[in-house]
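Keep the view open as you read.

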Amino acid sequence: MIEIHSKLPAQGVTIFSIMTAMAQRLNALNLSQGFPDFPAPPDLLQALSQATFDGFNQYAAGDGLLALREQVAQQYLQRDELQLDPLTEITITAGATIGIFSAIQAFIHAGDEVIIFDPSYDSYAPSVQLVGGKAIHIALNAPEFSVDWNQVKSAITDKTRMVIVNTPHNPTGAIWAKQDWLNLIELIQDKNIIVLSDEVYEHLIFDGAKHYSALSFPQLRDRSFVVGSFGKTFHVTGWKTGYCVASPELMKVFRQIYQFANFCGVTPVQMALANYMSQHPEHIAGLSSFYQQKRDLFISGIEHSKFSLIPSKGTFFQNIDYSAIRPDLNDVEMCKILAEEYKIVAIPVSVFYKQAPENLRLIRFCFAKKDETLIQACEILNQV
C-alpha cells in the first residue's frame, strides 16, 4: 500500500467552506464567507458576454492582457501619483490568493523566516510552510488591532526574509496609518527583507480615511510586492481575477514561478474588466461610500442589541463582541449556537490566529449583502 505523507498534515478544510456548508445544511442566513449576495454591475456582465462573442476565448498572455494592466497602472496614477510600467511591473493573476502563493514561492527559501500579523488570512502560513520557511506570528493588539512595533523589532533576525502586511485588514477591518509604514521602513531599510502587501480591499476605506499602499513609499518601492483583487472591487469574487505589482526586478522573479503555477488568467474576464474600468471610472470612486452605507446599516441595526463593536475602518467585514452574552463560550461554540439556534452563520475570529488569546470573544460578519439581508441579520441578532 502506498504511503502518503502530507506536506500540510495539520491542515483541514478551511473554516470558510465549513461555515458555508453549515449555512446550506441549516438553511441559515450566511454572513460568513466574504462574497456579495447582490449582482455584479449589469454593464460588466454585458462586457463579459461581449468579450466571448468578440473572440477573446483563447489563452491570454501569461502576464495578463495589456489593456487590463494599463487600467491598473491608471488606477495607481490617479490615486497615488505613481507611475507604473504595465509591461514590466504588473501581472494579472487568477485571483489574489495564487498571487500571494507565487510571491512566497518565488522569494522564500527553506529556513527563511516570514513575519505574519495575527489574526491573518489563512493562506499565508501554509504557503510559507510549503517551501520550508518558518512563519513568525505576531498578534495585533486588540481591540484596535494595532501593531506592537517593539515586538516586531524583537522578532526580526538574520533569517527574516519577508513581512506580510494586510491593509485594510481581514478579519478586523483595521487599516495601516502612514506612521505604521514609516515604522516598518525604519526597521527593515538596512536589511534584506521583502514586503508582501495584501491590499485586496484597497478601495473599501471608510470615514474619510486614506489607503496607504506599500508602493506609495519610495523607501519600499524596490522591495515591495502588492496584491490586489478585481473580485472584491467589482462584486465578482467567483471570477477569481487579481493582480500583482512590483518593481521589474521583483516581478521578473515572480513571473518565473507564476507561469508554472497557473500560466494565465481567464481571457474574456480580463477583457471585460478592462473595458468596464475604462468606461465606468465612477464605480471605484463610489465604492467606499457604497460599502460604508452597508456597514452603517448593519451596525446601527444592532445598536440596541447585547453585542458590542468597534466600527470597521475598511474591508466588508465587521467584528462583533459577544462577551456580554455568553462569555463562557469560545467563538467557535458561539458560532455553532448562532447557526443552529438562530439560523445565522458567522466566522469565529480565533481561526485566523496560530494561537488565539483565551479571552477572545469576537465573531466576524460580512456586510457585502443586500440591505434586506442585513436588516434580516440585525433582527436575528437583536433576539440573541
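A salt bridge here is a side-chain nitrogen of Lys or Arg within 4 Å of a carboxyl oxygen of Asp or Glu. The side chains of Arg 295 and Asp 296 meet that test, with N and O 2.8 Å apart. The model is a predicted one.

How is each partner placed? Arg 295 has a relative accessibility of 3%. Buried means under 20%, so Arg 295 counts as buried. Asp 296 stands at 29% and is therefore partly exposed.

In total, the structure holds nine salt bridges. One of them pairs Glu 89 with Arg 221, where the closest N and O atoms lie 2.6 Å apart. This pair links distant parts of the chain, the two residues being 132 residues apart. Glu 89 belongs to helix 4, which covers residues 86-89. Arg 221 sits in the loop between strand 6 (194-198) and strand 7 (224-229).

Turn next to Asp 328 and Arg 326. They form a salt bridge, and their closest N and O atoms are 2.8 Å apart. Asp 328 reaches 53% relative accessibility, so it counts as exposed. Arg 326 has a relative accessible area of 33% and is therefore partly exposed.

Which residues join in a network of salt bridges? Arg 79, Asp 80 and Glu 202 are linked in this way.

Key: Residues are numbered from 1 along each chain as its sequence is written. This is a predicted model: local features need pLDDT of at least 70, side-chain atom pairs count only at pLDDT 80 or more; totals for chains, interfaces and linings use all residues. Side-chain values use heavy atoms; hydrogens and water are left out. Helices (H or I, at least four residues) and strands (E, at least two) are DSSP runs, numbered from the N terminus. Buried means under 20% relative accessible area, exposed over 50%, partly exposed in between (1.4 Å probe, protein chains only).
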